Amino acid sequence: MTRQARLVLGLLVGLAGGCGKPAQPVVKIGFVAPLTGDQAPHGEDMLNGARLAVDHAIARGDVIPGQRLELVALDDQRSPTQAVAAAKKLAADPDVVAVVGHLNSSCTMPASAIYHQARMLQITPVSSNPQISRQGFDTFYRTCATDDLQGPAAARFVAQELGAARVFIIDDMTTYGRGLANEFEQALRGLQGTVLGHEGITQGDKDFTPLLTKVKAMRPDAVYFAGMFPEGALLIKQRADVGLGGRFMGGDGLFDPVLIELATPQASEGVYLTTIGSDVHRMPTAEAFVKAYEARFGPLGAYSAYAYEATSLAIWAIRQAGKKDRAAVLAAMKALTDYPGLFGLQNFDERGDSRIRDIGLFTVQGGAFVFVKSIGE
Amino acid sequence: MTPLQLFLQQLANGLTIGAIYALIALGYTMVYGVIQLINFAHGEVFMVGAYLALSVLLLLGISQPLTGPVLIGLLLLCAAAAMAGCGLLGWGMERLAYRPLRQAQRLTALITAIGMSFFLQNAVMLLYGATDRRFPALIPALRWDVAGVTITWLQLAIWAGSAVLMVGVQALVMRTTLGRAMRATAQDPQACRLLGIPVDRVIAVTFVIGSALAAVGGMLFGLYYNTVNFHDGYLTGLKAFTAAVLGGIGNIPGAMLGGLVLGVLEGLGAGYLSAQWKNVFAFVVLVGLLLFKPTGLLGERVADRA
């Protein structure tokens with residue numbers, strides 16, 4: 001036995017000794033998203049959704065008879081390194097039988113390999129890069145639409161409905177941003193649109209005026225940004241500062257009220273964005289959820305419903321398995337058909353992607369996001 | 001937009017962020033000048049300055065642009081509060097973290113500075129929360145068109161504010177007794193002590209001045225980008241440090257020049273080459289310059305102290 005192992009064992013014995021009576025056995029669901037850092041508002045919204053799902057499940061009775069259900073929330077700080085560390089931590093805990101997470105595709109991608117190796121069910125609520133499910137991991141599921149739908153849908157809207165012929169594309173060089181931007185670019189070229197340029201920015205950077213000034217000189221009809229809201233807000237604000245005209249459109253990463261707050265309502269008026277699913281507020285199947293969520297946590301976040309759905313699915317699989325066993329939970333998930341979820345009857349394809357694949361279109365009006373319509377295929 | 005107008009616009013963009021880099025770089029260079037310490041917590045002082053200015057605005061409940069004397073008064077109030085708070089922070093940092101290590105190896109103080117930086121980042125995260133905070137846009141979004149080049153009032157305010165401070169610092173160091181004591185301490189603290197110069201107090205004052213300048217930099221940064229985050233001090237601090245090295249560490253006009261040059265290089269690099277290479281470009285230029293002129297743009301070769 002190594003010295004470290006002995007130390008760990010000693011600690012464990014110490015802990016067990018300190019508890020007095022034997023604790024009730026627990027079965028755990030892992031949850032990982034950025035809970036600190038600039039993307040924490042998204043992570044917090046997701047965590048609230050997951051919490052609500054767990055509480056609803058507990059209210060319905062023990063998931064596994066005699067075992068307490070527990071949510072283990074970890075923070076990946078939107079960093080792939082932290083994501084892998086969190087995944088390893090969850091994989092090493094025998095009580096964890098399923099994971100809900102992560103938010104960023106760049107985090108979900110490397111983490112999915114670790115969950116696959118640990119034979120543990122992973123359901124990502126919102127990581128939309130299509131490559132993740134093409135790795136062939138049977139442990140991977142996802143409850144949202146993917147960017148090979150989102151990008152082309154946005155391109156069709158920009159080219160056909162906004163009538164923008166000349167478009168400049170910006171992405172944040174992450175798995176999500178670059179992937180979405182490439183899908184958009186390819187689709188736009190297919191629609192005979194002119195791509196004036198496609199450049200990357202660095203997450204965490206603040207000064208985009210040099211890039212926007214350059215773009216302004218090209219006089220684009222529209223700028224498309226694939227990235228997250230902290231950078232999106234600065235782009236929208238600085239776009240107004242440098243006097244860059246035309247339309248501004250982005251992907252689901254922008255869908256957070258903080259975007260409008262940081263960018264100011266004036267500068268963000270008329271900005272368009274797509275979401276990886278339709279408007280939750282309009283789903284009759286989600287009405288009870290929305291009511292319960294808003295009563296407890298306030299306004300519904302962009303990704304709260306997906307996190308609730310993913311967590312509920314994981315709990316459903318654990319309930320079906322009936323025991324704390326990763327393989328049994330996976331097998332139960334594989335057998336799922338017509339699960340009555342928030343967005344209708346959930347089914348998954350052979351890659352683990354949800355068959356409910358709608359793309360929503362929102363715009364900013366008077367300082368708030370307003371649903372325009374569904375623009376999925 | 002003609003190519004010339006575009007170039008001038010990019011120059012204006014670069015000079016704005018460059019002016020902020022220069023203000024922060026002054027603190028790095030002044031502290032290095034007197035005690036040969038790279039105060040890696042200086043970037044965090046800058047970030048704290050932004051948060052202090054934000055706190056004043058939050059306390060007064062101001063979230064909309066203002067005009068006239070009210071605006072100027074408020075800006076001065078924010079600047080004063082941020083400078084006072086950060087000055088105190090700089091003084092405390094020197095007194096508690098660096099002075100006890102004055103006789104220790106240089107590396108010890110450097111590690112302490114890095115620890116201080118972590119401490120400040122996490123303290124601000126716990127106090128203000130981990131998410132981006134909106135910094136109210138105080139200055140009206142008015143712009144001037146000078147021959148097709150757009151200049152905002154905010155940019156003018158940043159240039160004016162930093163120019164005043166830089167001239168002030170230069171005058172303080174070159175023309176006052178305190179400045180002379182600082183320069184003397186930089187040359188030989190041992191001899192200064194023998195001559196009755198209160199070296200410890202001079203060093204403390206240097207920290208206070210450097211931190212106060214960074215505080216103004218933080219406030220201007222908040223006004224310019226309208227968001228602040230607890231880890232903003234990291235990258236911006238690193239850039240300012242680069243600016244100080246670029247200009248010649250320990251040299252005050254060098255820090256100002258280095259800041260402006262770095263800002264312009266970044267702006268032109270992102271504007272003409274590629275935005276995704278913005279940071280790479282700035283650091284490549286630094287490495288290139290140091291290869292040929294290791295002392296930086298204005299730095300002079302001085303013999304290492306024993």
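User: How many residues of chain A are in contact with chain B?
Analyst: In this predicted model, 29 residues of chain A are in contact with 26 residues of chain B; contact requires C-beta atoms, placed from the backbone, within 7 Å. Local features need pLDDT of at least 70 and side-chain atom pairs count only at pLDDT 80 or more, while totals for chains, interfaces and linings use all residues. Residues are numbered from 1 along each chain as its sequence is written, and chains are lettered from A and ligands numbered from 1 in the order in which they are written.

User: Which element gives the largest share of chain A's side?
Analyst: H7(A) does, with six residues. Helix H2 (40-59), strand S7 (194-200), helix H7 (209-217), helix H8 (229-242) and helix H9 (257-263) of chain A each supply at least two. Helices (H or I, at least four residues) and strands (E, at least two) are DSSP runs, numbered from the N terminus.

User: And by class, what is on that side?
Analyst: Twelve nonpolar, nine polar and eight charged residues of chain A touch chain B. Ala, Val, Leu, Ile, Met, Phe, Trp, Tyr, Cys and Pro count as nonpolar, Asp, Glu, Lys and Arg as charged, and the others, Gly among them, as polar.

User: Changing topic: where are the domains of chain A?
Analyst: Domain 1 covers 23-144 + 283-346 and domain 2 covers 147-275 + 359-374, with bounds from an automatic or database domain assignment. Their centres, taken over C-alpha atoms, are separated by 29 Å.

User: How many residues of domain 1 are in contact with domain 2?
Analyst: 13 residues of domain 1 of chain A are in contact with 13 of domain 2 of chain A. On the domain 1 side, H2 and helix H4 (105-117) of chain A are the elements that give two or more residues. H4(A) provides the largest share, three residues.

User: H2 again. At what angle does H2(A) cross H12(A)?
Analyst: The axes of H2(A) and helix H12 (residues 304-321) of chain A cross at roughly 35° and come within 7 Å. Axes are lines fitted to C-alpha atoms, for helices over the stretch in contact, and angles run from 0 to 180 degrees between N-to-C directions.

User: Which strand does S8(A) join?
Analyst: Strand S8 (residues 222-226) of chain A is joined by four bridges to strand S9 (residues 247-250) of chain A, and the two run parallel; pairing needs at least two DSSP bridges. Ala222(A) has Arg247(A) as its bridge partner in S9(A).

How values were computed
Contact = placed C-beta atoms within 7 Å.
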